[in-house]
Amino acid sequence: MHHTARGTTPNLEPWEREWALASATSRPSSRSDTISRGATRVLYVTITINEMGNMAYDTRGRPLRARFRSRRPGRRASGGPRSASPKSRYYAVKHARRRRFVVRRFWLALMLVFLVLGVFFYGGSSSELGYVRPASPVEAGTMPEPPRPSPPDLGEVWAAAVAGDSSPDLATNGKTGTSGGRIALTFDDGPDPRTTPRILATLRRHDAKATFFVVGSQVERHPALLRRIVEEGHTIGNHSYDHADMSYLPPAQIRLELLRTQKAVDKALGYHYQMKIMRPSYGEPYFEGSDALPAFRRIVRQEQLFPVIWTIDTQDYLRADNLQGIVRSVVRQDGTRRRKDLDQVVLMHDIHPQDAQALTGIIDHFERSDHRLVSVNELLRDKYPEP
Ligand SMILES: [Zn+2]
């Protein structure tokens, strides 16, 4: 190597300065540096615009030139003396820069295409493995057929119910209105990955079926868990999208709460599961005797949903560290109704760890006393028998 230029500061023409900077910033070390080129370009433009004037770099021009030329073995294959004039080298550099610019653009476009494809295929996937978001079939109205066995269909029960009852419902007045000593366990506010799987495992161990009133926003967070609830043979009902107290919502908002939850369920399952039962958050507006009740009843009737309240409240939310208290409370409330052999709807929440712990004791109690565990739908079929 001849470092004849080292230590000298030649007077350079503008084109020479530009050329030297272009060489210094292009760093053509390997083919894989495509990604960093954008940054390189920005640096180059900045220097050019500023016209820094400090040409100390240029004193290193020769080795840089050598490195740059090494990419064109054809020109210097002979290793002979450089024949091109400085001006033609300038145009060669300019040409090379333009070519790299085009190549850069090509790779950028290719990366963009892959990025768009990636978002399209994986963008909707949730944190739960194996869940691939269907392409909004709810909105498109092209939900696939539900698998066999189909979700429970209460269509005929509904028709029979509205024929004789202006507000078909269950357990809204502390009674189910049916007898047979059956117990419908209901779990609200989930699905919740901390507790729902434990509750499902306990139910499976006892071969018991239950009803889950799910919150739409929770379904969106844990779609795989919702699928598991359905696949294990339990019934799901609508419990609003974000657990709103419907006593204070305008009708349009109540409808939206119900619709968004229905959509979340369909999206999670990948097919249309028409929920036919719902439970308003806090059981309202049934308990406060508020003015909102007539409007609420009108909406759920239009939406063809049976409101389902409860007859036994485990009051699990008051007994965080007292699972025996939960079991005793259920046994006591059940005892006071036992003589009449009435069916019961038990309120629990699959968001409380104490419920998952107390569930075995509760099921044991009902099994010992010969109660059969059923879904809410069975009680509704009995309450509204088909003519
Ligand atoms: Zn709730």
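This is a predicted model: local features need pLDDT of at least 70, side-chain atom pairs count only at pLDDT 80 or more; totals for chains, interfaces and linings use all residues.
Let me step back to the whole chain for a moment. The protein chain has 387 residues, of which 33% count as buried, and its secondary structure comes to 15 helices and eight strands. If we take the contacts between residues at least 6 apart in sequence, 83% of them join residues at least 24 apart.

Next, a pair of helices. Helix α11, residues 251-269, and helix α12, residues 292-302, have axes that come within 10 Å and cross at roughly 45°, and the two helices are therefore oblique to each other. The crossing is right-handed. On the α11 side the contact is made by Pro 251, Ile 254 and Arg 255, and on the α12 side by Ala 295, Phe 296 and Ile 299. Sorted by class, that contact has five nonpolar residues, one charged residue and no polar ones.

In the loop between β1, residues 182-188, and α8, residues 196-205, we find Pro 191, and the peptide bond that joins Gly 190 to Pro 191 is cis, with omega about 0°. Asp 189 lies in that loop between β1 and α8 as well, and its phi is near 80°, a positive value in a residue other than glycine. Is Asp 189 buried or exposed? Asp 189 has 23 other C-beta atoms within 10 Å, so it counts as buried.

The loop between β4, residues 277-278, and α12 holds Pro 285, and here the peptide bond from Glu 284 to Pro 285 is cis, with omega near 15°. Tyr 282 is also found between β4 and α12, and its phi, near 60°, is a positive value in a residue other than glycine. Tyr 282 has 15 C-beta neighbours inside 10 Å and therefore counts as partly exposed.

Definitions and conventions: Residues are numbered from 1 along each chain as its sequence is written. Axes are lines fitted to C-alpha atoms, for helices over the stretch in contact, and angles run from 0 to 180 degrees between N-to-C directions. Helices (H or I, at least four residues) and strands (E, at least two) are DSSP runs, numbered from the N terminus. Angles under 35 degrees count as roughly parallel, over 145 as roughly antiparallel, 65 to 115 as roughly perpendicular and the rest as oblique. A crossing is left-handed if the near helix is turned anticlockwise from the far one by less than a right angle, and right-handed if clockwise. Two residues are in contact if their C-beta atoms, placed from the backbone, lie within 7 Å. Ala, Val, Leu, Ile, Met, Phe, Trp, Tyr, Cys and Pro count as nonpolar, Asp, Glu, Lys and Arg as charged, and the others, Gly among them, as polar. A residue is buried if 20 or more other C-beta atoms lie within 10 Å of its own, exposed if 12 or fewer, and partly exposed in between; C-beta atoms are placed from the backbone.
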